[in-house]
Amino acid sequence: MLRAGRSQEEIRRHNLGALLRQVHLGGPVSRTVLADRMGLNRSTIMALTAELTSAGLVREERPTDTGKAGRPSLVVRPESDRVYVLAFDVRVDRLVAARVGLGGTVLERMEAVRPRAGADLDDVVGVLAGFARRLHRAASPDAICVGVGAAYCGMIRPADGMVRFGPNMGWVDQAFGAELGHRLGLGLPVAVGNEAHLGALAEHERGAGVGFDNLIYLHGDVGVGGGIIVGGKLLDGDGGYGCELGHMMVNPHDGRPCGCGSRGCLEAEVGEQALLDAAGRSADLFGREGVRTVVEAADLGDLRARDALRRIGDWLGIGVANLINLFNPGMVIFGGMLREVYPGAAAQVRDRVEANVLMISRKARLRVAALGDDATLIGAAELAFAKVLASPLEVLSRSDGALGGAPGADARPHDVMIR
Ligand SMILES: [Zn+2]
């Protein structure tokens, strides 16, 4: 709600951003619908659209035959090919980069498999910068990069994208965001976020959680991360390190040891290793591939694999029941490897919710991530779009969209990372 006393100019800027957000998240839409949704009259919508059109952010088209009599309202579309962001995703076992157009279209995507052992900041940034150059070269000459975002599998200081703690790579206080920004040479800051936080935002804005302003996203990999959306906003805590749902205690007495030094944390009981151990899988099967072999075996009737999924489901259900009692979400979403595990574990999770959640909160929906494995990448793209959506014209006037020849920009990703 706009407070009284705002200048006309402030209102105009706010409305420009709000209109662009409607088109970015909702896709092509008629001026009439925009006027309804935004509570503005049609001449205001026309003026705002004209400004965004002349800035090259949207275009207006006559809709294809609507079948109705009279002159149809023009449809406003995002300029997805012309205005884009670079999105990166540093995962436990791979590095992903994409050029994502306004409107959320993934225009192009690249990835390299990454060994699980520790990784050097310089190597990782070199691979991502190499990807960025290739993505940029593929864009049309008049295309403009308006932001850069990255998801990282660890704890991130939001202000500058510093990786405070990245256990999978052995990173402590590594200036990831600053270094990536330098190597890209775009003159744009790199916004970095925790992968599960960004997965939660993406599922909220574009995935299973659209329309749910209170939801919980649980992201499984080696560990388990989380994102909690309350009132439409991410609950990220005092320093931005909140929602470490994987370290919620669920099994204090006989719990498995956790990477954090404690025992019986949710991630120790439901993470990848817990599943593989319960299913009796050998140590050379791991990662998503290992998880899939267990899920597939269970589907084919393998009793040990089925028991393993049930065991995981029981602990997961305890965690989910606690979270539902605490936050009363409209939806709980399972992403990452939990997306694959959940269907075989759903009965146990539901039983726990039935048994342990206060009756009035039990109607929370339980769903798998609609954006699949790219939830975190899409979240990074949305982080990158945040500034242009907040002040469209200002960001555009500052962007030149050129990738400079920063040092290391020609890094050869395949030499460094692909095994
Ligand atoms: Zn822990």
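Select Arg13 and Glu394: their side chains meet in a salt bridge, 3.4 Å from N to O. A salt bridge here is a side-chain nitrogen of Lys or Arg within 4 Å of a carboxyl oxygen of Asp or Glu. Arg13 lies in helix H1 (residues 8-26) and Glu394 in helix H13 (residues 392-398), so the pair ties together parts that are 381 residues apart in sequence. Helices are DSSP runs (H or I) of at least four residues, strands (E) of at least two, numbered from the N terminus. The whole structure holds 28 salt bridges.

This is a predicted model, where local features need pLDDT of at least 70 and side-chain atom pairs count only at pLDDT 80 or more, while totals for chains, interfaces and linings use all residues. Residues are numbered from 1 along each chain, and side-chain values use heavy atoms, without hydrogens and water.

Next, select the zinc ion. Its protein donors (N, O and S atoms within 2.8 Å of the metal, or 3.2 Å for Na, K and Ca) are His247 (ND1), Cys258 (SG), Cys260 (SG) and Cys265 (SG), at 2.1 to 2.3 Å. Along the chain, the donors follow the spacing H-x10-C-x1-C-x4-C.
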